[in-house]
Amino acid sequence: MSVHSRFAKTAALAMAGMLTLGLASCASGGGDDAGGGGDDLTTVGFVAVGPEGAWRQANEANIQDTFTTDAGFELKYAPATNLDQKSQIDAFTSFVDEGVDVILLSATEGSGWEDSLERAQEAEIPVILIDRGIEPDDTDLYVTRIAPDNISVSESVAEWALEQFPDGGNYFTLEGPAGVSVVNERNEGFTSVVDGTSLSSLGAQTANWSTEEAKSVFETVLKSNNNDVQFVFAQNDEMGLGAIQAVEEAGLVPGVDVKIATIDGTQGALEALAEGKLSFVAEYNPLFGETALEVVNSVLDGDEVESYIVVPSETFDSPEAASTALPTREF
Ligand code: AHR
């Protein structure tokens, strides 16, 4: 199945899912009214990640712009302190003690959530995972997860890479932080396609979603491999931009000597793709606040929802595709 048809399938399934959800929500009198409206606002505790990069900024702003008082909600935004899980667990506990109507959770760490989620369950407060999953993935501990499909997104990167390097080559992976669910999912999707092919891994290292750190890591990789690296899988845009800087500092041409593929699809990455410095960008769509609102209304109406609601995303594989998308890019 080609990259595009796989994505078309995923997007169609996701859109169908959302449509069903929307119909169910409307049929059950869900929609904004279920948010309480008027003085009786639905309280939403959002245990968030906080400052982390362009993707996170877009995602959390979209959630906050959607769950407004006009829509019938009081959103209580609780970003982590320096990405620290303990600060998230403390905020989560406070929301349970406060008796909010629903909790949205974007987990900085995949593991360590069982006690918190069980407490919310005992308090009969539904928990909806935003973007990040939990590990182990006990779907009894939360109502649903809303996110693009990390495995499918990273498979699309791998399938593009195999098309680009039919005779193989050396690649390196710039990972997000250890212990984050999406990092494991992206590794799973990517290696499930490239393992056993003539694309050969020189290794993987975290650069913590950071441009500066990715530049430093990849400078070392280039030096230690005498620049014999043909491809970089950067698990987010910022790290891909750092790899570009390392390639240029080594006197090489990004997009020619070293092809770099990234995940997210933020404006900065599409600009680099339009310039030919990135070669492939797989969108991980952050703008799903409306879907989250529909899900919250459906859950509070007592409707059944899918355990994983896939947010459709697209891919960009040329400067032309990037230039076409940029004028209307929302993040
Ligand atoms: O969980 C999504 C990831 O977190 C994005 O790909 C990355 O940019 C963000 O920091």
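Pro136 is found in the loop between strand E4 (127–130) and strand E5 (144–147); strands (E, at least two residues) and helices (H or I, at least four) are DSSP runs, numbered from the N terminus. The peptide bond from Glu135 to Pro136 is cis, with omega near -5°. Most peptide bonds are trans, and most residues other than glycine have a negative phi. Asn227 has a positive phi, near 65°, and is found in the loop between helix H7 (211–224) and strand E8 (231–234).

This is a predicted model, in which local features need pLDDT of at least 70 and side-chain atom pairs count only at pLDDT 80 or more, while totals for chains, interfaces and linings use all residues. Residues are numbered from 1 along each chain as its sequence is written, and side-chain values use heavy atoms, with hydrogens and water left out.

The ligand is surrounded by residues that include Trp55, Arg56, Val182, Arg186 and Tyr284; a residue is near a molecule if one of its heavy atoms lies within 4 Å of it. Helix H2 (54–66) and helix H6 (181–194) each supply at least two residues of this shell. Domain 1 (42–147 + 286–302) and domain 2 (150–284 + 318–328) both contribute residues to the shell, so the ligand lies between them; the domain bounds come from an automatic or database domain assignment.

The table gives polar contacts (pairs of N or O atoms within 3.5 Å).

| Side chain (N or O atom) | Distance to an oxygen atom of the ligand |
|---|---|
| Glu52 | 2.7 Å |
| Asp131 | 2.7 Å |
| Arg132 | 2.7 Å |

The protein covers 99% of the 280 Å² of accessible area that the ligand has on its own, by the Shrake-Rupley method with a 1.4 Å probe.

Notes. A polar contact is a pair of N or O atoms within 3.5 Å; within protein, one must be able to donate a hydrogen and the other to accept it, and residues adjacent in sequence count only if both atoms are side-chain atoms.
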